[in-house]
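Hello,

Here is the structure for you to look over. My notes follow below it.

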There are 2 protein chains.
Amino acid sequence: MLDLRAYLAEGAKAVEAALDALLPAADREPRRLHQAMRYSVFGGGKRLRPTLCLAACELVGGDRESVLPVAAALEMVHTYSLIHDDLPCMDDDALRRGRPTCHVAFGEATAMLAGDALLTQAFAALGEWAAQGTGPAAVAVRVIGEIARGAGSFGMVGGQALDLAAEGQERSLLELEAIHRLKTGALFGAALRAGAIAGGAGGTELAAIERYAAEFGLAFQIRDDILDVVGDQARLGKPVRSDLRKQKATYPAVVGLERARILAGEAADRATAALDVFSPGRAEPLRALARLAVSREN
Amino acid sequence: MLDLRAYLAEGAKAVEAALDALLPAADREPRRLHQAMRYSVFGGGKRLRPTLCLAACELVGGDRESVLPVAAALEMVHTYSLIHDDLPCMDDDALRRGRPTCHVAFGEATAMLAGDALLTQAFAALGEWAAQGTGPAAVAVRVIGEIARGAGSFGMVGGQALDLAAEGQERSLLELEAIHRLKTGALFGAALRAGAIAGGAGGTELAAIERYAAEFGLAFQIRDDILDVVGDQARLGKPVRSDLRKQKATYPAVVGLERARILAGEAADRATAALDVFSPGRAEPLRALARLAVSREN
């Protein structure tokens with residue numbers, strides 16, 4: 001039986017070491033910019049996207065060490081999106097992971113540039129990985145493409161734009177799902193596909209991972225919406241009821257809390273089932289992560 | 001004798017066709033985001049970075065058609081930097097190329113996301129180019145690395161951060177040059193190196209192009225500072241004297257207008273001389289571009 005807590009801790013440690021190696025040192029100029037980048041990256045995240053990337057790589061028999069720079073790049077992309085999302089012109093949040101958000105700590109201009117620099121550094125790290133990597137450059141190029149598409153206007157940024165347009169508006173459950181599929185689902189999907197491709201996945205394996213990714217993303221997002229209603233601010237590290245205050249369309253708001261819990265559980269079950277093509281031993285980490293997505297308290 | 005005006009027009013036309021093909025259509029969701037991206041990209045820029053990229057490719061005997069997606073990606077990176085630079089938390093400029101800036105036209109949040117999406121789309125386009133390109137994937141990976149480094153915290157974004165820190169402060173000429181070398185010089189350099197590498201440049205050729213890039217960037221920046229003092233707002237398409245109002249360190253402010261003109265001319269001469277290792281015919285476009293950098297009125 002997999003010890004998920006140990007698995008997560010070990011993954012996070014490896015990813016954080018890779019991030020430390022790939023991010024500019026805080027004492028190199030421009031220092032304030034580099035400090036802001038590191039402040040947000042080393043702010044105690046769950047490292048979920050890199051963990052999904054590593055797990056997908058190992059699921060198809062790949063070597064997790066070789067894919068660490070890819071995992072780290074995904075966390076840089078995720079962190080940049082949080083920094084920009086927290087800015088006054090977006091969600092205007094002052095608290096993230098229990099600490100002042102980047103713009104509260106460093107000012108708006110530096111926070112925006114820190115986000116820009118993290119996104120750019122992600123691709124610089126991917127370029128370096130592709131140039132020095134053990135695998136063929138053509139595979140590395142596919143990985144870069146997956147991450148760029150997942151993060152772009154038909155992926156994560158597109159979801160942020162749709163989310164923005166939806167604020168204060170009535171949305172159907174279908175419209176809601178479309179927003180979340182992009183806003184959070186696309187980068188989860190990119191993380192899983194990138195890890196699998198780097199690990200040498202074939203077409204059937206990749207198709208199964210894509211089904212897992214879609215259901216995992218849905219389960220994760222519904223749980224996120226639920227935690228905004230029932231969560232504990234101290235454990236979450238961010239203000240609760242913020243969706244409600246901003247009149248954001250959420251699952252509990254549209255279908256009610258109980259139905260939202262059921263939908264989340266069903267999505268996690270479908271994610272788990274999608275991995276049936278793999279040996280149970282290899283699939284265990286991703287299955288445990290799907291269960292965690294709907295049981296987590298932060 | 002090269003007809004520089006025709007050369008520039010032809011290059012811009014090819015780059016704009018590539019941009020149109022590589023950017024999401026304006027009627028695809030999220031429409032407002034894609035409209036904002038296209039609004040800023042097709043706002044009448046000089047397409048200088050892509051032109052430098054194409055010229056460097058041809059300088060070393062490469063095929064300009066094959067490098068058009070790289071040139072287009074450079075323009076996306078440049079446009080994103082302008083959008084973010086114009087935002088209220090940065091320079092707070094309302095006018096760019098004679099039109100309202102992106103945030104004035106689309107709102108701050110959409111403008112920030114449009115910048116984010118353009119930067120991401122640049123790497124998506126580069127990834128696609130690398131995957132489908134005619135050249136070896138390893139060369140494409142080097143090109144991606146050059147652009148990511150040129151745009152990042154030791155390049156363009158780093159320069160924006162240093163510029164921000166320098167506002168309202170006394171700066172020496174050396175400090176000034178260090179800022180501009182990053183803020184504008186790094187992406188010029190990346191454009192030239194990326195074009196040359198994609199075109200198959202050897203080590204000696206690349207070294208000469210790097211010397212050209214450094215001097216070109218310096219010449220361009222000094223002229224920019226001069227135009228802020230003596231330029232015509234209608235021709236520039238942006239407010240003049242804005243550096244002065246913001247107490248920005250500029251060449252005319254530090255060394256005076258006449259000495260600034262001399263320094264610009266000397267830098268352009270050194271840029272021209274750096275190309276002596278190439279045949280005069282092939283070097284002509286980049287030589288003409290160096291002269292243009294210090295004679296331009298916008």
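Which interface residues of chain B are also interface residues in chain A? The share is 100%, so the copies meet through the same surface.

First, the ground rules. This is a predicted model, in which local features need pLDDT of at least 70, side-chain atom pairs count only at pLDDT 80 or more, and totals for chains, interfaces and linings use all residues. Residues are numbered from 1 along each chain as its sequence is written, while chains are lettered from A and ligands numbered from 1 in the order in which they are written.

Confidence

pLDDT is the predictor's confidence in each residue, from 0 to 100. Chain A averages 93. In that chain, 99% of the residues score at least 70. For the complex, the predictor gives an ipTM of 0.95 and a pTM of 0.95.

Interface and symmetry

Contact here is between residues whose C-beta atoms, placed from the backbone, lie within 7 Å. By that rule, 44 residues of chain B touch 44 residues of chain A. Four helices of chain B each supply at least two residues of the touching side: α2 (31-41), α6 (108-132), α7 (137-151) and α8 (156-166). Helices (H or I, at least four residues) and strands (E, at least two) are DSSP runs, numbered from the N terminus. The largest share, 16 residues, comes from α6(B).

By class, the side of chain B that touches chain A has 27 nonpolar, eleven polar and six charged residues. Nonpolar covers Ala, Val, Leu, Ile, Met, Phe, Trp, Tyr, Cys and Pro; charged covers Asp, Glu, Lys and Arg; the others, Gly among them, are polar.

Chain B superposes on chain A by a rotation of 180° with 0.0 Å of shift along the axis, at an RMSD of 0.0 Å. That is the relation of a two-fold axis. In chain B, the C-alpha nearest the axis belongs to B:A137, 2.7 Å from it.

Helix α7

α7(B) has 15 residues. From first C-alpha to last it reaches 21 Å, close to the 21 Å expected at 1.5 Å a residue. The expected span is 1.5 Å times one less than the number of residues.

α7(B) is mostly covered, with eleven of its 15 residues buried. A residue is buried if 20 or more other C-beta atoms lie within 10 Å of its own, exposed if 12 or fewer, and partly exposed in between. Among the buried ones are B:V141, B:I144, B:E146 and B:R149. The buried residues of α7(B) pack against α6 (108-132) and α7 (137-151) of chain A. They also pack against α4 (68-86), α6, α8 and α9 (173-198) of chain B.

α7(A) is also mostly covered, with eleven of its 15 residues buried. Its cover includes α6 and α7 of chain B, together with α4 (68-86), α6, α8 (156-166) and α9 (173-198) of chain A.

Core

The largest nonpolar core has 198 residues. Such a core is a set of buried Ala, Val, Leu, Ile, Met, Phe, Trp, Tyr and Cys residues joined through C-beta atoms within 7 Å. Those with the most contacts inside it are A:C53, A:A219, B:C53 and B:A219.

B:A219 lies in helix α10 (residues 203-230) of chain B. B:A219 is buried, because 26 other C-beta atoms lie within 10 Å. Leaving aside neighbours within four places in sequence, B:A219 is in contact with B:A264, B:A267, B:A268, B:A271, B:A290, B:A293 and B:V294. B:A219 and B:A264 are 45 residues apart in sequence but 4.6 Å apart in space, C-alpha to C-alpha.

Backbone points to check

Most residues other than glycine have a negative phi, and most peptide bonds are trans. The exceptions here are as follows.

- A cis peptide bond joins A:E29 and A:P30, with omega about -5°. A:P30 is in the loop between α1 (4-22) and α2 (31-41) of chain A.
- The bond from B:E29 to B:P30 is cis, with omega near -5°.
- A:R97 is not a glycine, yet has a positive phi of about 55°. A:R97 sits in the loop between β1 (95-96) and β2 (99-100) of chain A. With 15 C-beta neighbours inside 10 Å, A:R97 counts as partly exposed.
- B:R97 also has a positive phi, about 50°.

Best regards

Methods:
Contact = placed C-beta atoms within 7 Å. Least-squares fit on C-alpha atoms with pLDDT ≥ 70 in both.
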